[in-house]
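This report looks at strand pairing and at charged side-chain contacts. Please read it alongside the structure shown here.

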Amino acid sequence: MKWKQIPLGPLQTNCYIVYDENQSCLIVDPGDNPKKLATVIEQLQLKPEAIVLTHAHFDHIGAVDRIRDKYGIKVYIHENEKDWLSDPALNGSRHFMLNEPIKARSADYLIKDEGVMSIGSFKFEVFETPGHSPGSISIYFPEAQFVLAGDALFNGSIGRTDLPGGNHNQLIRSIHDKLLTLPEQIEVLPGHGPATSIGLEMDSNPFLNGF
């Protein structure tokens, strides 16, 4: 199992392509620049199977419809944010975008529970990690030893909690109870910025001091 990080859009939001030896792939958080994303997919000769969203803030969903339509694939999101794709007030684009607010069609599948999940040839674990937003999830590939943490945990920082539905104490609990319980060597792939590891964040993240 391999992954590729592709920063997209004005906020340089990390989209990830997770792919296997058969060249099948999952697309996580296609936030913008669908042409750039499609070029990378085609250069790697990958076959997209689905889009999975760690959460539905505007900078993570801007290319959802164009990518889903181009490849004829389904979209997965946590049920707590099922209405966010089509609502610029909820996904934040009404407040932050200078141009037209961002909307996407409804997701095809709602993630309702934590635990092991399969999409096509991919098998992974879903953790509910709310706090940055109420439907934030993290996606864990234990055998490949990485977790896609969305905007919950960053390299040396944590997600902001001043947006609608944000809750600082809830985010800290999510990180402590779900992410910091993973083995220290697990690579953390955040929604913004460079990758890190569980061990590094336990040792040096100033927002997690005391944990």
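Predicted model: local features only at pLDDT ≥ 70, side-chain atom pairs only at ≥ 80, totals over all residues.

Together S7 and S8 form a hairpin with 2 residues between them, and Gly120, which sits in the turn, has a positive phi of about 55°.

## Salt bridges around Arg68

A search of the whole structure finds 8 salt bridges. One of the pairs is formed by the side chains of Arg68 and Asp65, with an N to O distance of 2.7 Å; because these residues are 3 residues apart in helix H3 (residues 64–71), about one helical turn separates them. Both Arg68 and Asp65 are buried, and for Arg68 the relative accessibility is 4%.

Arg68 also meets the side chain of Asp108 in a salt bridge, at 3.1 Å from N to O. Asp108 lies in the loop between helix H5 (93–96) and strand S6 (109–111), whereas Arg68 belongs to helix H3, so the pair ties together parts that are 40 residues apart in sequence. Asp108 is partly exposed, its relative accessible area being 36%.

Arg160 and Asp162 form a salt bridge in which the closest N and O atoms are 2.7 Å apart. Arg160 counts as partly exposed at 42% relative accessibility, while Asp162, at 57%, counts as exposed. Elsewhere, salt bridges that share partners join Asp65, Arg68, Asp69, Arg105 and Asp108 into one network.

Terms used
Residues numbered from 1 in each chain as written. Heavy atoms only, no water. Pairing = 2+ DSSP bridges. Helix = DSSP H or I, 4+ residues; strand = E, 2+ residues; numbered from the N terminus. Salt bridge = Lys/Arg side-chain N within 4 Å of Asp/Glu carboxyl O. Buried < 20%, exposed > 50% of the residue type's maximum accessible area, 1.4 Å probe, protein only.
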